[in-house]
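The following paragraphs go through one protein model, from overall figures to single elements. Please keep the sequence and the coordinates in view while reading.

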Amino acid sequence: MKGTPHELKYWLANSIRENPTSYIIEEIFTRFPTPEELIDVTEQELISINGIGKTKARQILAALKFAQTLSISPPPVYKIQCPEDVFKLAEPEMRYLKVEHFVILMLDSKNRVIAKELISIGCLNACIVHPREVFRPAIKRNCASIICIHNHPSGNPDPSPEDGAITKRLTDAGTIIGIEVLDHIVIGHHKYVSLKERGCPISHVDDDGTPPFFVFGLNSSLRMKCSSDRHCSGIPSNQRGMVGIPSQKRTLTLL
C-alpha cells in the first residue's frame, strides 16, 4: 500500500464507515503505524481494540487484503519486436495441439501486447476464420494492430497458399477498419514461419486466375469439394469469399 498516513486513515475509515478521527481509526494507526505492520495485522489483534468486534475486524482485514491486491505490480508488459518474440509467447501453448487453432495478439501503438484471444478451433488441417470474428475483440480493446497466429499440427510450419489468402483478406479488412495486421505466424514443432519474413505472396490465385474460395454466408452445414476444373458448381460468385483456411483437400465449408 502506498500513501501518506493521512490518506491511509481516510481510505480505511471510509472502507469501514468510520470517521477518520474516530477512536477506532486512531487506535489502529497508533498500534500499527506503518503499512507493513497494518498489512500483517490479525483478527485477534483488531478485536483487542475497544469497539471492534469480529464482524468489523473481518471487514478491516478484507479491506486491507483488497488494498494489498491492488498494489501488486502488474506482470511485465510483453513487447513484440520480431517474429521470434511471437513464437516464444505462443509456442508453449500451441506445441502439442492436435487440431488447428487460430489466435490473435492485440497490440498497442508501441507493439506491447494488450491481450491474446483464441478466434477459432478447427480440425486436423483446417480452421474457419472470418474477419468479423478476428477484429471484434481487437476493436473492443481499442488496439492499434494485431498479429495472427495459427498452428500446423503436422509440425511443418510452411504456409499454404490458403494461409496467404486469409492473410490478404484480413490485411485488407484491417486497412479499412484502421487496425494493421503486422504479421501472420505459422507454428510447427519447435519452429515457425513468418509470412512477412518469408515474403510469401499474400494474394494467391490459381493458374486460371481463380483464387481459393472459402464459402460463407449460407445457412447450411453441408460440405462440398471444388471440382477438378477449380469451379464450385452451384455456388453464386457473390456468396464466395476468402475468409478461411481450407484444408489441403480444398474442402469448402458452407456456414
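**Overall figures and selected elements**

Of the 255 residues of the protein, 42% count as buried. The model is a predicted one. Its secondary structure consists of nine helices and nine strands. The accessible surface comes to about 14500 Å², and carbon and sulfur atoms account for 53% of that area. As for contacts between residues at least 6 apart in sequence, 67% of them join residues at least 24 apart.

Which residues of α6 are buried? They are Pro83, Asp85, Val86, Phe87, Ala90, Glu91 and Met94. The cover over these buried residues includes strand β1, along with β4 (145-151), β5 (180-187), β6 (192-194) and helix α9 (195-198).

Strand β1, one of the elements covering α6, spans residues 101-107 and pairs with strand β2, residues 113-121. The pairing is antiparallel and runs over seven bridges. Within it, Leu105 has Lys116 of β2 as its bridge partner. The two strands form a hairpin, with five residues between them. In the turn, Asn111 has a positive phi of about 65°.

Cys148 counts as buried because its relative accessibility is 1%, and the limit for buried is under 20%. Cys82 has a relative accessible area of 31%, so it is partly exposed. A disulfide requires a pair of cysteine sulfur atoms within 2.5 Å; by this rule the count for the model is zero.

The last stop is helix α5, residues 54-71, which contains Ala62. Is Ala62 buried, partly exposed or exposed? With a relative accessible area of 46%, Ala62 is partly exposed, because that class lies between the 20% limit for buried and the 50% limit for exposed. Ala62 can also be related to a residue elsewhere in the chain. Ser15 and Ala62 are 47 residues apart in sequence, and their C-alpha atoms are 9.6 Å apart in space.

Terms used:
Residues numbered from 1 in each chain as written. Predicted model: local features only at pLDDT ≥ 70, side-chain atom pairs only at ≥ 80, totals over all residues. Heavy atoms only, no water. Pairing = 2+ DSSP bridges. Helix = DSSP H or I, 4+ residues; strand = E, 2+ residues; numbered from the N terminus. Buried < 20%, exposed > 50% of the residue type's maximum accessible area, 1.4 Å probe, protein only. Contact = heavy atoms within 4.5 Å. Areas by Shrake-Rupley, 256 points an atom, 1.4 Å probe, with all protein chains shown as cover.
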